[in-house]
Amino acid sequence: MLRDKDIREPLFEFLESQITKVRIIEEKQIGKTRADVVMITENAIWGIEIKSDADTFTRLERQVKDYNRFFDYNVAAVGCSHAMHIEEHLPDWWGIITIDEEESGTTFYWLRRPQPNPKREKKIKLRNQLSFLWRPELAHIQEVNHLPKYRQKSKDFIVKYLIETIDHEELKKQICQELFERDYTTISRVLEEYRQEHRKPPGKKRKR
């Protein structure tokens, strides 16, 4: 029986063989769900839910709703025990990868290729995808588009401003680019430098 831990690395290799440029991010919180895999391509963000032979469909309805709110394409990667029934639980535009264990190793097949997510207004989906970015990454998007810095404004304000200001297709590419270039080994330093640079000056004390 294939379990989640047996599937992940071979699945990543399969996905990387299908698309020229990808970056894989594991275990990302989206709404009330933790996405198993977020796959970044040059102009789209994919959500991939793994259902091994040891898993059930108990939480799948909730997971599908959350995936639909965040991703441009969605895929379920399922063990062979689920292959006969998974289509009953998914929208018809979700992709399906079936996973088999053979003598030569773990193999993957496209049972159904994904179609673009039709369920969400672009502004809503972009807002949710922008929430993946850290403040320094949002600031970099402002910089490359020659936009005001709005240093003291909230993250929600910046997200709304970017959606209203930048062409949506171009903004999507820039979100993907930021995620491609993210360096998790330097995150603590980068965030601290950003906080120091954008820290509010202390208020002046009133004279009594």
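A residue is called buried under 20% relative accessible area, exposed over 50%, and partly exposed in between, with a 1.4 Å probe and protein chains only. By this scale Glu-27 is partly exposed, with a relative accessible area of 33%. Glu-27 belongs to strand E1, residues 23-30, and its phi is near 55 degrees, a positive value in a residue other than glycine.

The model is predicted: local features need pLDDT of at least 70, side-chain atom pairs count only at pLDDT 80 or more, and totals for chains, interfaces and linings use all residues. Residues are numbered from 1 along each chain as its sequence is written, and side-chain values use heavy atoms, with hydrogens and water left out.

Helices (H or I, at least four residues) and strands (E, at least two) are DSSP runs, numbered from the N terminus. Two strands are taken to pair if DSSP finds at least two bridges between them. Strand E5 (residues 95-102) and strand E6 (residues 105-112) run antiparallel and are joined by seven bridges. A hairpin of two residues connects E5 to E6. Strand E4 (residues 73-79) pairs with E5 in the parallel sense, over five bridges; here Gly-79 has Ile-99 of E5 as its bridge partner.

A positive phi is also found at Tyr-150, where the angle is near 45 degrees and the residue is again other than glycine. Tyr-150 lies in the loop between helix H4 (135-144) and helix H5 (155-165). With 32% relative accessibility, Tyr-150 counts as partly exposed.
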